[in-house]
Amino acid sequence: MRPVLVYTASRIGLFLVTLGVLWLLGLSHPLLLILFSFVISGIASYVLLSKQRDAMSARISDRVDRPKPQDD
């Protein structure tokens, strides 16, 4: 579960940093601020968080592929 939490926290953090930077640069309309932050942080996370995304994907894949216990 740790890789999922690390990736999620990293995505949220990257979004908040992007939001703050855009606000400091003068983008004050709330809807545009959130929209641009979402798009920019999504692109940045694709590049910057590939290692965390791969770890999360492997963890989820392992859990899905694990055999389920048989109920007798």
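Student: Leaving aside neighbours within four places in sequence, what is threonine 18 in contact with?

Tutor: Once those neighbours are set aside, threonine 18 is in contact with Ser37, Ile40 and Ser41; please keep in mind that this is a predicted model.

Student: Where does threonine 18 sit, and in which helix? Buried or exposed?

Tutor: Threonine 18 lies in helix H1, and threonine 18 counts as buried because its relative accessible area is 10%, where the cut-off for buried is under 20%.

Student: What about tryptophan 23, buried or exposed?

Tutor: Tryptophan 23 also has its place in helix H1, but tryptophan 23 is exposed, since its relative accessible area comes to 57%.

Student: How far apart are tryptophan 23 and serine 37?

Tutor: In sequence they are separated by 14 residues, while in space their C-alpha atoms are 9.6 Å apart.

Student: Switching to the helices, at what angle do H1 and H2 pack?

Tutor: Helix H1, covering residues 2-24, packs against helix H2, covering residues 30-48, at an angle of about 130 degrees, and their axes are 8 Å apart. That angle is why H1 is described as oblique to H2.

Student: And which hand is the crossing?

Tutor: The crossing of H1 and H2 is right-handed.

Student: Which residues meet there?

Tutor: On the H1 side they include Arg11, Leu14, Phe15 and Thr18, and among their counterparts in H2 are Leu33, Ile34, Phe36 and Ser37. The residues of this contact between H1 and H2 divide into 12 nonpolar, five polar and one charged.

How values were computed: Residues are numbered from 1 along each chain as its sequence is written. This is a predicted model: local features need pLDDT of at least 70, side-chain atom pairs count only at pLDDT 80 or more; totals for chains, interfaces and linings use all residues. Side-chain values use heavy atoms; hydrogens and water are left out. Axes are lines fitted to C-alpha atoms, for helices over the stretch in contact, and angles run from 0 to 180 degrees between N-to-C directions. Helices (H or I, at least four residues) and strands (E, at least two) are DSSP runs, numbered from the N terminus. Angles under 35 degrees count as roughly parallel, over 145 as roughly antiparallel, 65 to 115 as roughly perpendicular and the rest as oblique. A crossing is left-handed if the near helix is turned anticlockwise from the far one by less than a right angle, and right-handed if clockwise. Contact means heavy atoms within 4.5 Å. Ala, Val, Leu, Ile, Met, Phe, Trp, Tyr, Cys and Pro count as nonpolar, Asp, Glu, Lys and Arg as charged, and the others, Gly among them, as polar. Buried means under 20% relative accessible area, exposed over 50%, partly exposed in between (1.4 Å probe, protein chains only).
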